[in-house]
Amino acid sequence: MLRVGQKEVDAIAKVLLSGKVFRYNIGGECARFEQRYARFLGVQHVWMTSSGTTALTAALGALGLGPGDEVLVPACTYMATAVSVVAVGAIPVIVDIDDSITISPDAIDEAVGPRTRAVIPVHMWGLCCDMDAIRAVARKHELLVVEDCCQGVGGAYRGRMLGSFGQAAAFSFNYYKNMTCGEGGAVATSDPNASERARCMIDCCNFYWTGRKEGVVPFLSNGSRASELEGAMMNAQLDRLPAMIRTLRRQKKRILAATAQTGLQPIRAHSLDWECGTHVMWTLPTLEQAEKFRELVGGTICGKTGRHVYTEWDQIFSHQGAHHPALNPFTLPQNRGCRKKYTKDMCARSLDILNRTVMIGNHPDRKAKDVAATIAKVKAAARQVLGVGC
């Protein structure tokens, strides 16, 4: 949680005292946030959900993905990316990241098979995927692009907001994200048909309160709508977001510039001027050096974050895709021809990169003296680990 204060308290109190906590209110907080966030992203439609996972699931379902389809996901992402694919009845195919710690466009190109219908680029830890290259590969293979922006809230790629590149996108607003209402998420799209299907994925009974639309046939789905309390908090959070992201970017650039002569290798950035700036990362030459560097700077090794590494996705490896065997996508006859074999070493290149990469987090409330102290610590660690004078 980056920053929460009296503004959020007042916004929630106003909703509670009004007695209008249900999201379907004329001029309500959820609707206001959805309209504002759509403008912020530069897309036509945004719909709030109960979480980033349900947002991803709604985005995939909105595009008609399901049994018989493969969806490419990166080896480094929160497990929810793969979970959402299984939730719509499709099969996730895990592909390598590259030295940017995001999905490799070359790996996408190589992994496409006859049943591959979509790819999910994940803007992991606030980093931008190479969207130009990814979209070029997607066009080549006629793949749908669903952006996972759950960890990229507020970021952009070459001046264009993350979440506006694919046919649909998903965001998370849980406790750890750049904007938060504790939990929550949102689907974004500019496709009117996908928008209506996403609304049905989120709340199959939405037409009872918003009216039926001609030509739209609702289908059943699990409910994942947000409440007005979440909408109120998100409106306050959206007011804070742009300034916080600018601060994080400046902080990251200051650290990178000050440590440029240390011999440390920063990860490759696709859009340093526009990404979120929430983390600074360096890839060390060896596993041993990465561990030593981590000990000295107090950071985290990317490969040891558990749920963010594909090797820890237990239910995917064991093909436990539903509560009942008859509903398990891994055993559905439509998925018989899909690639479902997962091994711990299938993305060995990704594991090597992740296990040699150390990240330290930034924060918008960090004082200049604290950033200076971090820089001094990184420099000292680099001298000790790499033996380079700085």
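Mentor: Start with a term: buried means under 20% relative accessible area, exposed over 50%, and partly exposed in between, with a 1.4 Å probe and protein chains only. Helices (H or I, at least four residues) and strands (E, at least two) are DSSP runs, numbered from the N terminus. This is a predicted model, where local features need pLDDT of at least 70, side-chain atom pairs count only at pLDDT 80 or more, and totals for chains, interfaces and linings use all residues. Residues are numbered from 1 along each chain as its sequence is written, and side-chain values use heavy atoms, leaving out hydrogens and water.

Trainee: OK, H4. How many of its eight residues are buried?

Mentor: Six, so helix H4 (residues 80–87) is mostly covered. Those residues are Ala80, Thr81, Ala82, Ser84, Val85 and Val86.

Trainee: What do the buried residues of H4 pack against?

Mentor: H3, strand E2 (70–74), strand E3 (91–95), strand E5 (144–148) and helix H11 (314–317). Contact here means heavy atoms within 4.5 Å.

Trainee: And what follows H4?

Mentor: Glycine 89, with a positive phi near 90°.

Trainee: Switching to H3. At what angle do H3 and H7 pack?

Mentor: About 135°, for H3 (residues 52–62) and H7 (residues 192–202), with the axes 8 Å apart. That makes H3 oblique to H7. Under 35 degrees counts as roughly parallel, over 145 as roughly antiparallel, 65 to 115 as roughly perpendicular and the rest as oblique. Axes are lines fitted to C-alpha atoms, for helices over the stretch in contact, and angles run from 0 to 180 degrees between N-to-C directions.

Trainee: Which residues meet there?

Mentor: From H3, Thr57, Ala58, Gly61 and Ala62; from H7, Ala194, Arg197, Ala198, Met201 and Ile202. By class, this H3 and H7 contact has six nonpolar, two polar and one charged. Ala, Val, Leu, Ile, Met, Phe, Trp, Tyr, Cys and Pro count as nonpolar, Asp, Glu, Lys and Arg as charged, and the others, Gly among them, as polar.

Trainee: How do H2 and H9 pack?

Mentor: Helix H2 (residues 29–41) and helix H9 (residues 228–258) pack at about 30°, axes 7 Å apart. That makes H2 roughly parallel to H9.

Trainee: New topic. How many disulfides?

Mentor: Zero in the whole structure, counting a pair of cysteine sulfur atoms within 2.5 Å as a disulfide. For cysteine 204, the nearest cysteine sulfur is that of cysteine 205, 4.0 Å away.

Trainee: Why is cysteine 347 too far for a bond?

Mentor: Because its closest cysteine sulfur, in cysteine 76, is 11 Å away. Cysteine 347 is also buried, at a relative accessible area of 2%.
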